[in-house]
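Trainee: Could we walk through this structure together? I am new to it and would like to start with the rings.

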Amino acid sequence: MKIENLKTVVVNAEMRNWVFCKVETDQPGLYGWGEGSLEWKTRSVVGAIEDFAPMVIGEDPRRIEHIFQKLYRQSFWRLGVIGMSAISAIEQALWDIKGKLLGVPVYELLGGQVRDRVRMYTHLGGGNMKSVYETFDVEPLIDLALKVVGQGYTAVKVVFVPYSEPLEGIGKVKQFAKLMGKLRECVGEQVDVMIDFHGRTIQRWRSSILMLSRSFDLTSVKSRYRPKTSRHFVRFGESVQVPIATGERLVGRHQFRPLFEQRACHVIQPDLCHCGGLFEAKKNRRDGRSLPDGCSTT
């Protein structure tokens with residue numbers, strides 16, 4: 001069995017584009033789909049997948065680790081998030097092919113079922129982009145929160161952290177605390193609340209925001225991690241009493257390992273579309289558990 005072709009499909013999804021990769025084989029009707037969506041880098045990822053095509057066409061799609069290593073190691077230049085997103089899309093498609101070929105769901109190939117039930121959370125607005133990212137007033141916040149709770153969710157993540165600059169005063173931080181107070185009052189103590197900083201604040205304001213919001217019983221804080229700053233995360237985590245979740249901007253195990261070694265967070269969140277695919281994410285989870293007192297994993 002051989003890979004015959006790689007195709008890409010771009011889907012407009014409001015604030016971003018979704019990038020899908022179709023890996024076709026020489027067996028009629030046998031193909032796989034994978035995703036490499038990377039916000040505001042659509043054409044770059046599509047181009048990277050096309051650049052990888054000559055390295056993949058002619059290979060046996062069942063040799064997933066071999067193909068991954070070939071794409072990762074024979075590119076000469078070190079790969080960043082664009083190249084790794086392209087590899088992620090191809091790798092996922094290969095697992096799709098193998099699952100179809102063997103007649104089993106992919107999770108059976110990655111170790112089998114672990115849980116019977118998985119607790120889910122949602123953002124405010126249930127996926128509506130403006131609700132998620134542009135809710136800064138109390139009234140719409142309460143309306144959206146009540147809607148989420150009414151749908152049966154027991155956990156919600158909010159992104160109403162203010163954009164901040166080094167010379168701005170404490171006003172925006174207090175506004176955040178006001179919104180948090182109203183949200184907690186609205187949903188009660190039985191609903192878990194998580195904050196997504198979403199890269200909006202400087203380090204100084206992150207700590208201030210969390211100091212003001214400790215009394216609101218936060219479940220976790222999601223802070224976008226940038227490589228070479230794990231020491232900042234250690235200091236950040238030590239200064240607050242809220243679990244830190246991070247990792248979706250990291251690619252490859254070498255970028256996750258400093259977080260594990262320095263115990264810089266509590267929850268690691270590898271993104272399947274960027275970190276190298278399904279098996280690479282699984283290895284990140286394993287490595288996180290294998291290190292003493294390391295991160296937990298989602």
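Trainee: Is Tyr72 buried, partly exposed or exposed?

Mentor: Good place to begin! This is a predicted model, where local features need pLDDT of at least 70, side-chain atom pairs count only at pLDDT 80 or more, and totals for chains, interfaces and linings use all residues. Residues are numbered from 1 along each chain as its sequence is written, and side-chain values use heavy atoms, leaving out hydrogens and water. Buried means under 20% relative accessible area and exposed over 50%, with partly exposed in between (1.4 Å probe, protein chains only). Tyr72 has 29% relative accessibility, so Tyr72 counts as partly exposed.

Trainee: How many aromatic pairs does the structure hold?

Mentor: Rings of Phe, Tyr and Trp (its six-membered ring) pair if their centres lie within 6.5 Å; planes under 30 degrees apart count as stacked, over 60 as edge-to-face and the rest as tilted. The number of aromatic pairs held here is two.

Trainee: What kind of pair do the rings of Phe68 and Tyr72 make?

Mentor: Their ring centres are 5.9 Å apart and their planes meet at 5°. Because of that, the pair is stacked.

Trainee: And which kind of pair do Phe76 and Trp77 form?

Mentor: Both of these residues, Phe76 and Trp77, are exposed. Their ring centres lie 5.3 Å apart with the planes at 90°, so the pair is edge-to-face.

Trainee: Is Glu91 buried or exposed?

Mentor: Glu91 touches several residues, including Ile64 and Phe279, where contact means heavy atoms within 4.5 Å, so that is the test applied. With 4% relative accessibility, Glu91 counts as buried.

Methods: Lists of a residue's contacts leave out its neighbours within four places in sequence.
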